[in-house]
Amino acid sequence: MKLPQAPSQAWRLLLALLAVTMAVGVASLGTAESRPPEYHHYVAMGDSFTAAPYVPLNDVAYGCNRSTNNYPQLVARELRIADVQDRSCSGAQTWDLPGRQQTHAGMQVPPQLDALSDETDLVTVGIGFNNGRLYARLATVCRRQAGVCRLADQQVRLTAILDQLRPALVDALEQVRQRAPDARILLVGYPQLLPDSGSCPRLPRMREQDRETFRVVNERLRDEMEAAAEEADVDFVDVYDASHGHDVCSHEPWVQGRVGSRRVGAALHPLARGQQAVAELVLDELAEESD
């Protein structure tokens, strides 16, 4: 039986090139550019757009209605963070971070800031839409009305609420920084709820000027949050821009319509698809170097 012949010169060259290519590939897997940083103690805070009520599976959580598949949980799984504390709670406002919140179920939950410590190395905050009952005025009241929701008639009040939002957010973020001085902090925004124009049966009954008022408030909410993040020197995740084309009326909405479902998502609140998308946005932000 003849032994195999030694490889030809061309074959040896090919093997050498493959070895170099594999070595470069293995080395690149270990670079910070190809993988997000590692975190060990993650605290998620926020309101119902973080809690994602009724996105399966729903944890009543004393009335917070917190999904086990909301974006904080998805982020934690992707980054393999063992210590994750999700304190998000439906109805939360900025002052519910340092204070006790009474939920819609009539129960009190501890301050969300209590979850922070010197060991916390990652914090996401998604809050602000409930301040001054802003979300309730835009969505909750409108979807429950049998008649037309005349948002345009409330422009002065809505503007006044937005005028007070930025300082409230900055104060909340500074308190987060005080409790978790070494943490990477991300302020996570809200999605675009209405299409750029027109309407659909999944929206509350509104006149065109009411829908335009809704759009203006939705966009300014993003602007105030972005400005607050810059002032507080934290990262901002712009969900509003990313959700363009995924409004309530779209073919692939990130938000449920005016009729909710306890098996899919609460009315005019996040859907599972939207939570997956927000989780990806958070992971993309974490993959970038922090300023």
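What is the volume of the largest pocket? It is about 760 Å³. The model examined here is predicted.

**The pocket**

The lining of the largest pocket is made up of 28 residues. Ser90, Gly91, His104, Thr140 and His269 are the closest to its centre. Two elements, β5 (101-102) and α4 (134-144), each give two or more residues to this lining. Helix α4 supplies the largest share, five residues. Sorted by class, the pocket lining holds 15 polar, eight nonpolar and five charged residues.

**The sheet**

Five strands form an open sheet. Their order is β4-β1-β7-β8-β9, and the pairing is parallel. At the edges are β4 (83-86) and β9 (235-237), each of which pairs on one side only. From one strand to the next, the twist averages 20 degrees.

Strands of a sheet pair through backbone hydrogen bonds, either parallel or antiparallel. Here, β1 (residues 41-46) and β7 (residues 122-126) run parallel and are joined by five bridges. Within this pair, Val43 has Val123 of β7 as its bridge partner.

**Helices on the sheet**

Helix α6 lies across β1, β7 and β8 (184-188). Helix α9 also packs on the sheet, where it touches β7, β8 and β9. The table gives the direction of each helix relative to β8.

| Helix | Residues | Strands | Angle to β8 |
|---|---|---|---|
| α6 | residues 165-179 | β1, β7, β8 | about 155 degrees |
| α9 | residues 272-287 | β7, β8, β9 | about 145 degrees |

**Helix α5 against helix α6**

Two packed helices are described by the angle between their axes and the distance between the axes. For α5 (residues 155-163) and α6, the axes come within 5 Å. They cross at roughly 30 degrees. Angles under 35 degrees count as roughly parallel, so α5 is roughly parallel to α6.

Which residues make the contact between α5 and α6? From α5 come Ile161, Leu162 and Asp163. From α6 come Leu165, Arg166 and Pro167. By class, this contact has four nonpolar and two charged residues, with no polar ones.

Key
Residues numbered from 1 in each chain as written. Predicted model: local features only at pLDDT ≥ 70, side-chain atom pairs only at ≥ 80, totals over all residues. Heavy atoms only, no water. Pairing = 2+ DSSP bridges. Helix = DSSP H or I, 4+ residues; strand = E, 2+ residues; numbered from the N terminus. Axes fitted to C-alpha atoms, helices over the stretch in contact; angles between N-to-C directions. Contact = heavy atoms within 4.5 Å. 1 Å grid on protein atoms, 1.4 Å probe; cavity = no way out; pocket = protein on both sides within 12 Å on 5 of 7 lines; lining within 4 Å. Points joined across faces, edges and corners; volume = space filled by probe spheres on them. Nonpolar A, V, L, I, M, F, W, Y, C, P; charged D, E, K, R; others polar. Parallel < 35°, antiparallel > 145°, perpendicular 65-115°, else oblique.
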